[in-house]
Amino acid sequence: MRVALVLVLLAGVAHADEWSIDDPGDGPTLRDRAGATMLGLRIGIGREPLAGDRRTVVTDGLQLSAALGAGFRVAGELDLAFLFGDEHAAMDTRGFGVRGGLALRHGIAHTRLFYADAEAGIAAIVGHDSRLGALARPEAFAGLRVGYDMTASHSRSRIFEAAFDFRLVETADGLGWIAGVGMGWGS
Amino acid sequence: MYRLLVLLALAGTAHAEPPLAIATGQEPERTPPLLVGAFGDYTHLGGIQAGGFGVDVELRTQRGRWQLFGEGAVAYLAVGATSSEQTGVQARLGAGARWLARTFGDATSGFDLYIEGGVGATGFWWPTGHLARPDATLGWGFQVRVDRNLSMRSGLRVLLAHDREGLAVACRGCTMSPPETIDPGMLFVMGLTW
């Protein structure tokens, strides 16, 4: 009996230091707590106009976001952006640049696990294009971001989120779109 | 007898338990030093799209949250990417550093965000020519660590290389553009460590 009691006690101690995913509560998660920061990555693909042409845009980026409170988050985005021309063009048109952006997000729905954010922001791609030469293309965007988040005890990053997003992108040459998938780690 | 059993239980638990450093977040998130996986790239040869898929092997060492790695890949080469006008082989050797930036989990298992960069050289062999050139890479990705003996990693990097004219590439119908002084391509690696 004494052995059983000791083993039960040890088992409890043993699990106390291992990381485990917390049961999601009904209220806002740690991700929405003011000051919570998230670092993550995002891959996007879309179609956007550029100087009378339409390009397939692929972005591979990092995002750093912080909760401001009242359901708002601000995110800085740094992407590697590839702009591929259509294959039927006689010339292989392609561009590459670094995209920097700033997005403001606001939670519009939240369940125990899933969330939806509305987001809007501004960005610019600066780089080089095979047809245009130097490339400096500003944009404004707005969209919807749907994902899930979870928190864990005894984890180095207490928060993890994964999200899918869809954005309409307004440029000087017209309207385009981009869809992305990303993940974030936060504390 | 009871005392012996308790001591045995304590001894067993003592070895099964991770050291205190893990719980306090000091122990690095180690994965096995060998990765074997899939390799893919997209680049240009003389302004013509080129790339292919193959096998990648990586050996690495780790200090804290930093990893130093050496990698080698052998892959199929299609010149004229979509039309695959010419095909051949490419081989790449590289070395770099990787920073485990974030971890959802602990040293034993978890889900990591990493950022990496490196340099390398790639040799291309196709029916009418060959080329060797240096490159540099920068990218990020994630890894899933099941335990200390098994993990999966996936990442995408920008592949920067000097492209030039005058390469012996016969490619009728290929779309092409003037070679870029620094050609931005892509390099993808996904693999298992165990």
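1. Throughout this note, a residue counts as buried under 20% relative accessible area, as exposed over 50%, and as partly exposed in between, with a 1.4 Å probe and protein chains only. By that scale Trp194(B), at a relative accessible area of 58%, is exposed, and its place is in the segment after strand E8 (183-193) of chain B; helices (H or I, at least four residues) and strands (E, at least two) are DSSP runs, numbered from the N terminus.

2. The structure is a predicted model, in which local features need pLDDT of at least 70 and side-chain atom pairs count only at pLDDT 80 or more, while totals for chains, interfaces and linings use all residues. Residues are numbered from 1 along each chain as its sequence is written, chains are lettered from A and ligands numbered from 1 in the order in which they are written, and side-chain values use heavy atoms, with hydrogens and water left out.

3. On confidence, the model scores ipTM 0.84 and pTM 0.84. Chain A averages a pLDDT (the predictor's confidence in each residue, from 0 to 100) of 86, and 86% of its residues score at least 70. Over residues 5-15 of chain A the pLDDT is below 50, and this stretch has six contacts in the model beyond near neighbours in sequence, a contact being heavy atoms within 4.5 Å. For chain B the mean pLDDT is 83, with 80% of the residues reaching 70 or more; residues 1-25 of chain B have a pLDDT below 50, and that stretch has 20 contacts beyond near neighbours in sequence.

4. Chain B comes to two helices and eight strands, which follow the pattern α-α-β-β-β-β-β-β-β-β along the sequence. Of its 194 residues, 52% count as buried, and among contacts between residues at least 6 apart in sequence, 64% join residues at least 24 apart. Chain B exposes about 8800 Å², of which carbon and sulfur atoms supply 69%; accessible areas come from the Shrake-Rupley method with a 1.4 Å probe, and for residues only the protein chains shown count as cover.

5. Trp194(B) also belongs to a nonpolar patch on the surface, together with Leu34(B), Val36(B), Val55(B), Val57(B), Leu59(B), Val146(B), Leu150(B) and Leu192(B), with about 780 Å² of accessible area together. Strands E1 (34-45) and E2 (48-63) of chain B are the elements that give two or more residues to the patch, and E2(B) gives the most, with three residues. Patches are made of residues with over 30% relative accessible area and no salt bridge, like charges being joined within 9 Å and nonpolar side chains (Val, Leu, Ile, Met, Phe, Trp, Tyr) within 5 Å.

6. A nonpolar core is a set of buried Ala, Val, Leu, Ile, Met, Phe, Trp, Tyr and Cys residues joined through side-chain atoms within 4.5 Å. In the largest core, of 23 residues, those that touch the most other members are Phe82(A), Phe160(A), Met183(A), Trp185(A), Phe104(B) and Met186(B), and strand E4 (residues 72-84) of chain A gives the most to this core, with three residues. A second, separate core of twelve residues includes Val57(A), Leu83(A), Leu135(A) and Phe141(A). Leaving aside neighbours within four places in sequence, Phe160(A) is in contact with residues including Tyr148(A), Met183(A), Trp185(A), Phe104(B) and Phe111(B).

7. A search of the whole structure finds 25 salt bridges over all chains, a salt bridge being a side-chain nitrogen of Lys or Arg within 4 Å of a carboxyl oxygen of Asp or Glu. Arg137(A) forms one with Glu139(A), the closest N and O atoms being 2.2 Å apart; Arg137(A) is buried at 4% relative accessible area, and Glu139(A) is buried at 7%. Both residues belong to a network of salt bridges whose members include Glu48(A), Arg99(A) and Arg167(A). Thr171(A), in strand E8 (residues 159-171) of chain A, touches Pro49(A), Arg137(A), Pro138(A) and Glu139(A), not counting residues up to four places away in sequence, and is buried at 6%.

8. Two loop residues of chain A deserve a look at their backbone. Ala70(A), in the loop between strand E3 (53-69) and E4, has a positive phi of about 55° although it is not a glycine, and is exposed at 71%. His154(A), in the loop between strand E7 (133-153) and E8, has a positive phi of about 60°, again without being a glycine, and is partly exposed at 42%.
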